[in-house]
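Q: I'd like to understand where the labels on a structure come from. Please put one up and let me ask about it.

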Amino acid sequence: MDAPANPRQKNFVTGLIILGLIFIIFFGLRTARAFRQFREHRPPPPSAAEEIETDVNLIRDWMTIPFVSKMYHVKPHLLFEALEIPEQGNREKSLRQLNEEYYPQAEGIVIEKVKAAVQAAITSRPDQVPVLPETPVIP
Amino acid sequence: MSDFLLTQIINYGAPILGVVVFLSALGIPFPATAIMIAVGAFSREGFLPWHTTGLVALICVVLGDCLGYGLGYYVRGPVLRRFGDSERWIKAESFFQQRGGMSILLTRFLVTGIASPVNIIAGTSNISFRTFLFYDFVGESIWVLGYGGLGYLFGNQWEVVSEFISSFGGLIIGLVLLGVGIWLGMRRLQYIENAKKKVPEL
């Protein structure tokens, strides 16, 4: 360094090293955990893109009803009927928004109702084997 | 934020993705890489057309990067008036002119967290716009095709890939910070050693 060494430089260098170590420990642990999960998953075969999704555990609260409907090949009006809400004005809202708007006292009820409706629709198909929703394990 | 953006992308498609990656290139902390992986998965499942979506993302992210470069270019005057004569500035500028291309390239898809500052530094350090655009375009193409392709490959399992990539990105930033810290520390120690040797013995 060209300028005389001073405490500010020392603090800056120490800060960089400490910050780097914190990042490495925090993200290193997260990377290791994510890698374990990643290894358990294999890319689906190319033909799977044409298959109809049946695993309702993949439904997330950022999804919209038309998105879920297209993903699982279920008519959107069936899902709106299951939620007992009008289709008009709700097509672009996420499941979370619908929950906050129509069921503010029951957190997560919309996603559960949608999962149940999708599963019922899949079960009613003659050639489909549904993937059941995850149930909590009671110790 | 990520969930809100995903909802908007499935509602409005490529235009929203374009806005997100453009703002992200300017330094707004959007999870652009995770979104790119998700977009690849949506394309696989037929929600978005992969070619136009990819093209819109590439054009918008390159435009955002160029705006960052432009900002750096226009603040070059005041920066030079303030630091232009210092030996450190001259060294830093020379270093960036020699290795700036690789820095631009790698920060597009590997250390994406520092891409925006690198755009501004590139503009300030007199690296030519043509060189910047070349490395930027190549790097961003790798980003769009690489991460979008991963999402496309993994389809509905994209969240697992996204979690791994974002954690790995944080790990890389940590390694860079540690490396820079150690390098500066060693230079500082060397400087102190040299200064001690120069002091004449009484």
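A: Let's start with His73(A), which lies in the loop between α2 and α3 of chain A. Helices here are DSSP runs of H or I with at least four residues, strands are E runs of at least two, and both are numbered from the N terminus. Bear in mind that this is a predicted model: local features need pLDDT of at least 70, side-chain atom pairs count only at pLDDT 80 or more, and totals for chains, interfaces and linings use all residues. Residues are numbered from 1 along each chain as its sequence is written, while chains are lettered from A and ligands numbered from 1 in the order in which they are written.

Q: Why is His73(A) called partly exposed?
A: You count the other C-beta atoms (placed from the backbone) within 10 Å: 20 or more is buried, 12 or fewer is exposed, and in between is partly exposed. His73(A) has 14 such neighbours, so it's partly exposed.

Q: And what makes Glu84(A) exposed?
A: Glu84(A) has 9 other C-beta atoms within 10 Å, so it counts as exposed. You'll find Glu84(A) in the loop between α3 and α4 of chain A.

Q: What makes the phi angles of these two worth a look?
A: Most residues other than glycine have a negative phi. Yet the phi of His73(A) is positive, near 55°, and Glu84(A), also not a glycine, has a positive phi of about 60°.

Q: How do you know that the buried residues of α3(A) line one face?
A: Helix α3 of chain A covers residues 76-83, and its buried residues are Leu79(A), Phe80(A) and Leu83(A). Looking down the axis, these fall within an arc of 100° (taken from the directions from the helix axis to the C-beta atoms), so they line one face. On the other side, His77(A) and Glu81(A) are exposed.

Q: What covers the buried residues of α3(A)?
A: The cover includes α2, α4 (95-102) and α5 (109-123) of chain A.

Q: What makes something a nonpolar core, and which residues have the most contacts inside the largest one?
A: A core is a set of buried Ala, Val, Leu, Ile, Met, Phe, Trp, Tyr and Cys residues joined through C-beta atoms within 7 Å. The largest has 57 residues, and Val68(A), Val118(A) and Ile37(B) have the most contacts inside it. α3(B) gives the most to this core, nine residues. A second, separate core of nine residues includes Val118(B), Ile127(B), Phe132(B) and Tyr135(B).

Q: How do you know which residues of the two chains touch, and how many are there?
A: Two residues are in contact if their C-beta atoms, placed from the backbone, lie within 7 Å. By that test, 34 residues of chain A are in contact with 37 residues of chain B. On the chain A side, α1(A) gives the largest share, 17 residues.
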